[in-house]
Amino acid sequence: MTALTTALRRRARGPIALGAAAVAATLLLAGCVAGEGEAAQADAPEDGATAADGWSADTLTVDFATYNPLSLVIKDQGWLEETLGDDVDVEWVQSAGSNKANEALRAGAVDVGSTAGSAALLARSNGSPIRTIDIYGQPEWAALVVPAGSDITDVADLAGRSVAATKGTDPYFFLLQALDEAGVDPADVEVQNLQHADGKAALENGSVDAWSGLDPLMAASEAEAGSTLLYRNVDFNTYGFLNATQDFLDASPDLAQVVVDAYEKARAWAQENPDEVVSILAEVAGIDPAVAETVITERTTLDIDPVPGQAQRDVLEVVGPIFVESGDVASQDLVDTALDELFDPQFAENADPTTIAG
């Protein structure tokens with residue numbers, strides 16, 4: 001029995017998805033309580049940094065992504081720009097997937113980027129000096145997808161078949177966990193490493209037998225191409241992590257706090273304006289509003305504690321052994337060290353959405 005299998009059997013299972021009628025409950029604002037960060041934390045950033053005092057930098061670069069609805073809300077509402085005024089230029093960079101957000105963080109192309117939890121841990125395990133400063137949601141954004149009319153009816157049927165997945169992202173690690181659970185050796189599956197949108201296209205044109213998909217592309221494929229979800233498991237999805245480089249946190253804790261404050265304002269705004277969240281996602285992603293509604297109301301949970309802590313650690317302790325077994329990380333020691341160092345909860349603990357203009 002592998003370490004992964006043992007860990008999977010220890011974990012409790014949660015509900016698969018939220019019903020559409022539960023949209024209001026889905027988007028409730030969580031109370032902010034202290035998380036359980038594992039590494040020794042620095043003192044909280046000093047209060048009172050404002051334009052009058054002088055911000056720590058004159059540029060702030062933040063990513064937005066269709067898999068992160070709160071980022072879309074913040075960008076759409078212009079809260080960062082209004083709060084920081086003319087003293088700080090806010091630049092937005094779109095992330096096409098967690099792997100791309102990690103690449104941008106490592107290259108210094110963004111100061112703050114959004115990934116899945118698995119991707120954040122993978123990056124940290126492989127030497128990227130990132131810290132998780134906020135948890136923006138608990139999405140069921142990954143599942144195994146087959147095309148309309150497929151003869152594949154079970155995960156075990158993927159043996160000897162081709163599956164598209166984006167390595168370094170939740171869908172890829174979702175695939176590996178699903179194969180392990182079904183007793184299928186990953187070596188018996190041809191994994192085609194395609195970016196999410198290309199994986200969707202490959203599924204729909206018959207280039208692959210299955211796709212480990214990501215919303216909202218996955219929901220669009222269901223609605224537009226008749227694709228079906230072969231296997232779902234919300235526990236194989238590893239939360240939405242908001243990350244920043246250590247250099248940025250050291251140099252600009254004031255700006256990092258503003259970003260996290262904006263995320264918490266967006267969480268409250270989403271509770272009050274769920275229909276507008278759907279509209280924003282539909283516009284940015286170029287999808288039908290009905291598809292966006294499926295993503296937001298049925299597969300997105302925002303009413304969570306935003307402080308990175310034990311809940312996220314529990315999930316990542318299951319995923320970590322996959323990195324080693326698949327050869328993505330050289331040793332379990334590297335994974336364990338990364339997990340101890342990844343969380344920086346002080347910004348979410350100190351979040352104050354009332355500081356954000358708008």
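Reader: How many aromatic pairs are there?

Author: The count comes to 11 aromatic pairs, where rings of Phe, Tyr and Trp (its six-membered ring) pair if their centres lie within 6.5 Å. Planes under 30 degrees apart count as stacked, over 60 as edge-to-face and the rest as tilted. The model is a predicted one, in which local features need pLDDT of at least 70 and side-chain atom pairs count only at pLDDT 80 or more, while totals for chains, interfaces and linings use all residues. Residues are numbered from 1 along each chain as its sequence is written, and side-chain values use heavy atoms, with hydrogens and water left out.

Reader: What kind of pair do F174 and Y231 form?

Author: F174 and Y231 are tilted, at 6.0 Å centre to centre with 50 degrees between the planes.

Reader: And which parts does that pair tie together?

Author: F174 belongs to helix α7 (residues 170–182) and Y231 to strand β9 (residues 228–231), so the pair links parts that are 57 residues apart in sequence. Helices (H or I, at least four residues) and strands (E, at least two) are DSSP runs, numbered from the N terminus.

Reader: Is F174 buried or exposed? And Y231?

Author: F174 is buried, at a relative accessible area of 0%, and Y231 counts as buried at 18%. Buried means under 20% relative accessible area, exposed over 50%, and partly exposed in between (1.4 Å probe, protein chains only).

Reader: What about F241 and F343?

Author: F241 and F343 also form a tilted aromatic pair, with 6.0 Å centre to centre and 55 degrees between the planes. F241 lies in strand β10 (residues 240–245) and F343 in the loop between α15 (332–342) and α16 (346–349), so this pair ties together parts 102 residues apart in sequence. F241 is buried, with a relative accessible area of 0%, and F343 counts as buried at 1%.

Reader: Which residues form an aromatic cluster?

Author: Y67, Y136, W141 and Y263 form one.

Reader: OK, charges now. Which ring does the charged end of K75 sit over?

Author: The charged end of K75 is over the ring of F64, 4.9 Å from its centre. K265 lies over the face of W79, at 5.1 Å from the ring centre. A charge sits over a ring if NZ of Lys or CZ of Arg is within 6 Å of the ring centre and within 35 degrees of the ring normal.

Reader: Changing topic: at what angle do α3 and α12 pack?

Author: Helix α3 (residues 69–77) and helix α12 (residues 274–285) pack at about 90 degrees, with their axes 10 Å apart. Axes are lines fitted to C-alpha atoms, for helices over the stretch in contact, and angles run from 0 to 180 degrees between N-to-C directions. The two helices, α3 and α12, are therefore roughly perpendicular. Angles under 35 degrees count as roughly parallel, over 145 as roughly antiparallel, 65 to 115 as roughly perpendicular and the rest as oblique.

Reader: Which residues meet there?

Author: From α3, P69, L72, V73 and D76 meet V277, I280, L281 and V284 of α12; contact means heavy atoms within 4.5 Å. The residues of this contact divide into 7 nonpolar, no polar and 1 charged. Ala, Val, Leu, Ile, Met, Phe, Trp, Tyr, Cys and Pro count as nonpolar, Asp, Glu, Lys and Arg as charged, and the others, Gly among them, as polar.

Reader: How many residues of α6 are buried?

Author: In helix α6 (residues 117–125), 9 of the 9 residues are buried, so the helix is largely enclosed by the rest of the structure. After α6 comes G127, with a positive phi near 100 degrees.

Reader: What about Y239's phi?

Author: Y239 has a positive phi of about 65 degrees although it is not a glycine. Y239 is in the loop between β9 and β10 and is buried, with a relative accessible area of 11%.

Reader: Where is the peptide bond that is cis?

Author: The bond from D215 to P216 is cis, with omega near 5 degrees. P216 lies in the loop between β8 (210–214) and α9 (217–225).

Reader: Last one: how many helices and strands in the protein?

Author: The secondary structure comes to 16 helices and 11 strands, and buried residues make up 55% of the 358 residues.
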